[in-house]
Amino acid sequence: MEKMWAGRTDGNTSKIADDFNSSIKFDKRLFEEDIKGSMAHAMMLSVKNIISKEEEEKLLSGLESILNDIKSGELIIDENAEDIHMFVEKVLTERIGETGKKLHTARSRNDQVALDLKMYTRSEIETIISKLKDFVTVISSKADQYKKSIMPGYTHLQRAQPVTFGHHLMTYAMMFLRDISRLNDCRNRLNVSPIGSCALAGTTYDTDRYFEAEKLGFDSVTLNSIDGVSDRDYCVELLADLSLLMVHLSRLSEEIILWSSWEFKFVELSDAFTTGSSIMPQKKNSDMAELVRGKSGRVIGDLVGTLTMLKGLPLAYNKDMQEDKESLFDALDTVKMSLDVYIPMLNSMIALEDNMINAAKGGFINATDLADYLVKKGMPFRTAYKVSGSIVSYCIKNGKTLDTLSLDEYKQFDELFENDLYDAISLETCVSKRISVGGTSAASFDKQLEFVKTELMKF
């Protein structure tokens with residue numbers, strides 16, 4: 001097959017070189033962006049009288065027919081073509097004749113692929129933001145359902161202080177809200193059009209880059225032609241954002257895996273999102289959460305691979321940059337798939353509230369409140385801390401808990417203890433009294449929930 005770029009060479013590369021050089025197996029997913037970009041380019045060429053109105057109409061009709069035929073399945077993308085740009089141009093020329101060869105006036109594949117990738121990335125970001133909004137809504141709803149369900153909070157994976165399950169879940173709503181914000185910032189930053197930068201130096205034709213950018217929904221145009229074709233910052237930024245998003249999903253997955261184990265038994269996942277063992281009939285494995293946890297490493301790898309590919313490249317375009325797409329496509333597909341499975345999985349998850357509160361009753365997680373009780377009676381905190389620690393040590397040696405210790409036993413440690421102690425260190429009080437902004441009390445939780453709902457409306 002003769003290459004569209006034959007001229008300086010005869011275009012007769014070996015089959016193995018063609019296969020190695022070809023990108024159409026993965027960049028064919030850009031067909032719609034490529035065709036719509038070409039339609040805007042044809043309109044601009046006509047407005048600037050670089051081609052005639054008749055030629056514009058012929059180009060637009062031909063491009064629209066190709067787009068419709070690919071979507072309907074009537075036209076199959078030929079994977080023997082070098083890339084999606086060459087395939088579309090070849091089919092267009094076959095359908096409308098010599099006029100098809102005029103479409104590439106005042107542009108290069110370098111700015112064409114930059115345009116296609118930005119348009120595709122912009123659309124994918126909008127899709128992921130929409131999924132994330134649905135996910136945060138599900139998290140918030142589940143958190144609201146369990147805003148009074150007491151569980152042990154942990155530090156160092158040791159029981160630390162009582163919190164509610166709703167408060168714990170709301171932590172993830174905050175994380176994913178930041179992910180939405182980062183993705184939105186990335187979308188805004190990338191939304192400048194590179195088309196018209198040509199190969200790297202611009203063009204001698206009197207073009208209107210702003211016209212073309214407006215037609216394609218861009219906010220502006222790149223102001224340096226070399227930057228226009230060689231910039232892949234937005235790919236790296238997006239991959240970094242997606243990597244962090246997957247890290248957040250991975251952390252949630254780790255907790256769900258722990259919580260659903262017999263050792264914790266805090267939650268029950270729907271059978272629809274678990275698997276069994278081929279040999280152990282009692283098993284119910286949280287495989288979906290485990291897969292998401294594993295796939296976080298895959299997306300992080302896509303980021304590292306792209307950074308490594310770019311780090312030594314001179315300006316402007318280099319063939320190395322063809323490697324940006326597979327990593328980006330893989331990360332986007334992985335994130336979308338992970339969110340698609342996570343939204344219904346979390347929505348159908350049930351909290352085992354009795355197990356949670358029973359766990360909270362052990363581990364002396366109201367010891368801080370015991371110290372605070374003494375502080376409110378006038379004792380310095382460091383002294384109260386030491387007294388409380390001594391009481392915990394006494395309980396451990398005698399097989400007791402803070403709420404089962406008698407008042408007489410308490411008074412052996414300090415005379416400040418009175419009957420009001422037991423209410424002060426009850427788990428319900430420990431939770432309800434944490435009224436500071438961001439705390440685990442019901443009043444604080446309601447403010448967090450309102451904040452999340454308000455933030456979601458901004459995107």
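Is H156 buried or exposed? H156 counts as exposed, since its relative accessibility is 76% (exposed means over 50% relative accessible area, buried under 20%, partly exposed in between, with a 1.4 Å probe and protein chains only).

Some notes on the rest follow.

1. Ground rules. This is a predicted model, where local features need pLDDT of at least 70, side-chain atom pairs count only at pLDDT 80 or more, and totals for chains, interfaces and linings use all residues. Residues are numbered from 1 along each chain as its sequence is written, and side-chain values use heavy atoms, with hydrogens and water left out.

2. Back to H156. Its phi is positive, about 55 degrees, although H156 is not a glycine. Look for H156 in the loop between strand 1 (150-155) and strand 2 (158-164); strands here are DSSP runs of E, at least two residues, and helices are runs of H or I, at least four, numbered from the N terminus.

3. C198 is another one to check. C198 also isn't a glycine, yet has a positive phi of about 60 degrees. C198 is buried, at 8% relative accessible area, and sits in the loop between strand 3 (192-193) and helix 8 (209-215).

4. There is a cis peptide bond too. L315 and A316 are joined by it, with omega about 5 degrees. A316 belongs to the loop between helix 11 (287-310) and helix 12 (324-347). For context, most residues other than glycine have a negative phi, and most peptide bonds are trans.

5. Now the helix pair. Helix 6 (residues 109-145) and helix 10 (residues 233-259) have axes that come within 11 Å and cross at roughly 25 degrees (axes are lines fitted to C-alpha atoms over the stretch in contact, with angles from 0 to 180 degrees between N-to-C directions). That makes helix 6 roughly parallel to helix 10, a label for angles under 35 degrees.

6. Who touches whom? On the helix 6 side, the contact residues include L117, I125, L132 and F135, and on the helix 10 side they include L238, L245 and L252; contact means heavy atoms within 4.5 Å. By class, this contact has 13 nonpolar, one polar and one charged residues (Ala, Val, Leu, Ile, Met, Phe, Trp, Tyr, Cys and Pro are nonpolar, Asp, Glu, Lys and Arg charged, the others, Gly among them, polar).

7. Finally, the cores. The largest nonpolar core has 93 residues, and F87, F135 and F165 have the most contacts inside it; such a core is a set of buried Ala, Val, Leu, Ile, Met, Phe, Trp, Tyr and Cys residues joined through side-chain atoms within 4.5 Å. Helix 10 gives the largest share of this core, 13 residues.

Note on methods
Parallel < 35°, antiparallel > 145°, perpendicular 65-115°, else oblique.
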